Amino acid sequence: PAQIYMRHKALNHVNPGSGWSDYKCCQGYFGGCCCLQPGNLCESVCPCPCMCLEAFLCTGPAVSATSNVIRSAYRLGLDEDDVRLIRCSNCLMIFSICLTCVARCTKCEGDDALAHIVNII
């Protein structure tokens with residue numbers, strides 16, 4: 001996806017010719033969880049597969065980390081549009097989690113699951 005290309009481009013814009021050598025999971029901006037800590041997840045050995053996993057499993061944080069790389073390099077803050085996009089992303093994420101919870105609580109499965117959830121809401 002585009003996140004992989006854009007992260008590579010951002011890292012090489014900030015440090016030209018670095019390839020993937022500066023890559024860390026979410027560039028370390030979002031901390032870690034238990035034993036999963038950025039910088040200790042084999043990023044130095046196999047950065048491309050790690051970035052692919054990050055892009056597919058943590059899309060929002062992956063995009064935000066790329067934005068943070070550029071904003072940090074140029075000492076830029078967030079503008080109103082950035083804040084709106086972040087809020088929209090957060091709302092969509094929460095909505096997705098809520099739908100998943102409703103589906104699991106009502107034991108919805110199959111093609112009719114979404115229709116059933118919409119009827120409940």
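**Entry 1: Arg 75 and the ground rules**

Just after helix 3, I found Arg 75 with a positive phi of about 50°. Helices (H or I, at least four residues) and strands (E, at least two) are DSSP runs here, numbered from the N terminus. I note that this is a predicted model, in which local features need pLDDT of at least 70 and side-chain atom pairs count only at pLDDT 80 or more, while totals for chains, interfaces and linings use all residues. Residues are numbered from 1 along each chain as its sequence is written, and side-chain values use heavy atoms, with hydrogens and water left out.

I placed Arg 75 in the loop between helix 3 and helix 4 (80–105). Is Arg 75 buried or exposed? Arg 75 counts as exposed, at 79% relative accessibility. The cut-offs are under 20% relative accessible area for buried and over 50% for exposed, with partly exposed in between (1.4 Å probe, protein chains only).

**Entry 2: Gln 27**

Gln 27, which is not a glycine, has a phi near 55°. Most residues other than glycine have a negative phi. Gln 27 sits in the loop between helix 1 and helix 2. Its relative accessible area is 12%, so I list Gln 27 as buried.

**Entry 3: the protein as a whole**

I counted five helices and zero strands in the protein. Along the sequence the pattern reads α-α-α-α-α. Of the 121 residues, 24% are buried. I then turned to contacts, meaning heavy atoms within 4.5 Å. Among the contacts with a separation of 6 or more, 52% join residues 24 or more positions apart.

**Entry 4: helix 1**

Helix 1 covers residues 2–14, which is 13 residues. From its first C-alpha to its last I read 18 Å, close to the 18 Å expected at 1.5 Å a residue. The expected span is 1.5 Å times one less than the number of residues.

Which residues of helix 1 are buried? I noted Gln 3, Ile 4, Arg 7, Ala 10, Leu 11 and Asn 12. In an α-helix there are 3.6 residues a turn, so residues three or four places apart point the same way. The buried residues of helix 1 pack against helix 2 (47–57) and helix 3 (59–73).

**Entry 5: helix 1 with helix 2**

The axes of helix 1 and helix 2 are 9 Å apart, and the packing angle is about 125°. This makes helix 1 oblique to helix 2. Axes are lines fitted to C-alpha atoms, for helices over the stretch in contact, and angles run from 0 to 180 degrees between N-to-C directions. Under 35 degrees is roughly parallel, over 145 roughly antiparallel, 65 to 115 roughly perpendicular, and the rest oblique.

I logged the crossing of helix 1 and helix 2 as right-handed. A crossing is left-handed if the near helix is turned anticlockwise from the far one by less than a right angle, and right-handed if clockwise.

From helix 1 the contact uses Gln 3, Ile 4 and Arg 7, and from helix 2 it uses Met 51, Cys 52, Glu 54 and Ala 55. By class I have four nonpolar, one polar and two charged residues in this contact of helix 1 with helix 2. Ala, Val, Leu, Ile, Met, Phe, Trp, Tyr, Cys and Pro count as nonpolar, Asp, Glu, Lys and Arg as charged, and the others, Gly among them, as polar.

**Entry 6: Glu 54**

I went back to Glu 54, which lies in helix 2. At 3% relative accessibility, Glu 54 is buried. Which residues does Glu 54 contact, leaving aside its neighbours within four places in sequence? I found Arg 7, Tyr 23, Lys 24, Cys 25, Cys 26, Thr 59 and Ala 62. Lys 24 is 30 residues from Glu 54 along the chain, with their C-alpha atoms separated by 10.0 Å.

**Entry 7: helix 1 with helix 3**

Helix 1 and helix 3 pack at about 20°, with axes 10 Å apart. The two helices are therefore roughly parallel. Their crossing is left-handed. In this contact I have ten nonpolar, four polar and one charged residues.

**Entry 8: helix 3**

The 15 residues of helix 3 should span 21 Å at 1.5 Å a residue, and I read 22 Å between the end C-alpha atoms, which agrees. Its buried residues include Ala 62, Ala 65 and Val 69. The buried residues of helix 3 pack against helix 1 and helix 2.
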